[in-house]
Amino acid sequence: MTTPENEQRNQALRPHAEDAFAHELKALAAADDRPRPARWKLSPWAVATYLLGGTLDDGTVITPKYIGPRRIVEVAVTTLATDRALLLLGVPGTAKTWVSEHLAAAVSGDSTLLVQGTAGTPEEAIRYGWNYARLLAHGPSREALVPSPVMRAMADGMTARVEELTRIPADVQDTLITVLSEKTLPIPELGEEVQAVGGFNLIATANDRDRGVNELSSALRRRFNTVVLPLPATADAEVDIVARRVDQMGRALDLPAVPEGLEEIRRVVTVFRELRGGVTDDGRTKVKSPSGTLSTAEAISVVTGGLALAAHFGDGVLRPSDVAAGILGAVVRDPAADKVVWQEYLEAVVRERDGWKDFYRACREVTV
């Protein structure tokens, strides 16, 4: 017997986009009377509305999934409606994965056809593999073949995703060239091929800032239309992004409401923006930048961790002492060089800032 307690216990910690926002996608599909490309669940206009947010004629509010330039989203969506693949490029923490997932959910209704790129990603993850028990028993056959997410997307006219493409070894990356140029995937063992049907496309994400990056070959890069996702242009935009994502994550983790901690969110964002930009917000003081990226994603992690501390070991209100340790961990990646950068920033900037005395004391207490 299913009880409310069991349903809550069995609820996914992080539902896929098409599940978490099913009501919005359903409302958009009902209101969408514009032309849709083959096998798309929504029109390009509706996909862009899903990502950027808006209010439908029936009053349904579509929450923004991406806060940034509208044209970036429009170009990304338009690319998927053509025969060119989409490469979302940007420094870590610019919502590449988030945008990729929501684009696939809106276009195909399924964001799970995913290849996660790592240094150990094999060619089979992009092409196909084999069920070795059947292969040994009966030899190569369709029944023994294990299709990759890319092969499944080609056969069904869906959107495949490749995360962290530049972390995949270069020779494995180039497996995609035939898929993207010829829209076919040969299976030499069977003397067959899989041809992509209408609706198939691929979204890849990549960055060129982290260690372990493998440059894309010029042949592969030509198969993509590259869209660069920038860091948030203003502090207000970044605070909004952090608050929204933390609120979504906090509801799944039963954490306190975000509005109680907006002041601390703004402080975390301010610290990250100044350190990665090398200058204070007012432009008067130059500061050294640490070795880490201090991305928006890391700010979200710091605030979420702080809310958990406030919920379980405090009074439920986010305070400087709840985020101080998380900020230290994000900033000081290199114990020698980054610690000096952080201490100089604390003494030269944070200590002198009006209204930040409690924040300064909390950060000093965890900086040893």
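This is a predicted model: local features need pLDDT of at least 70, side-chain atom pairs count only at pLDDT 80 or more; totals for chains, interfaces and linings use all residues.
Started with valine 269: setting aside neighbours within four places in sequence, I find it in contact with Ala235, Glu238, Val239 and Val242.

Looked up where valine 269 sits, and it belongs to helix 13. Its relative accessible area comes out at 1%; the cut-off for buried is under 20%, so I log valine 269 as buried.

Next, the cores. I see 37 residues in the largest nonpolar core, and Val271, Phe272, Ile327 and Trp342 have the most contacts inside it. At least two residues of this core come from each of helices 12 (235–253), 13 (262–277), 14 (296–313), 15 (320–331), 16 (337–350) and 17 (357–366). Another core, of 34 residues, lies apart from it and includes Val162, Leu176, Val194 and Ala204.

Which residues does tryptophan 342 contact, leaving aside neighbours within four places in sequence? I get Val271, Leu275, Ile327, Leu328, Val331, Val332, Cys363 and Thr367.

Then strand 10 (residues 201–206). Six of its six residues are buried, so I call the strand largely enclosed by the rest of the structure. Both faces are covered, with Asn201, Ile203 and Thr205 buried on one side and Leu202, Ala204 and Ala206 on the other.

Strand 3 (residues 85–89) runs parallel to strand 10, joined by four bridges, and leucine 87 stands opposite alanine 204. Strand 7 (residues 159–163) also pairs with strand 10 in the parallel sense over four bridges; there I find threonine 159 opposite asparagine 201.

Methods. Residues are numbered from 1 along each chain as its sequence is written. Side-chain values use heavy atoms; hydrogens and water are left out. A nonpolar core is a set of buried Ala, Val, Leu, Ile, Met, Phe, Trp, Tyr and Cys residues joined through side-chain atoms within 4.5 Å. Buried means under 20% relative accessible area, exposed over 50%, partly exposed in between (1.4 Å probe, protein chains only). Contact means heavy atoms within 4.5 Å. Two strands pair if DSSP finds at least two bridges between them.
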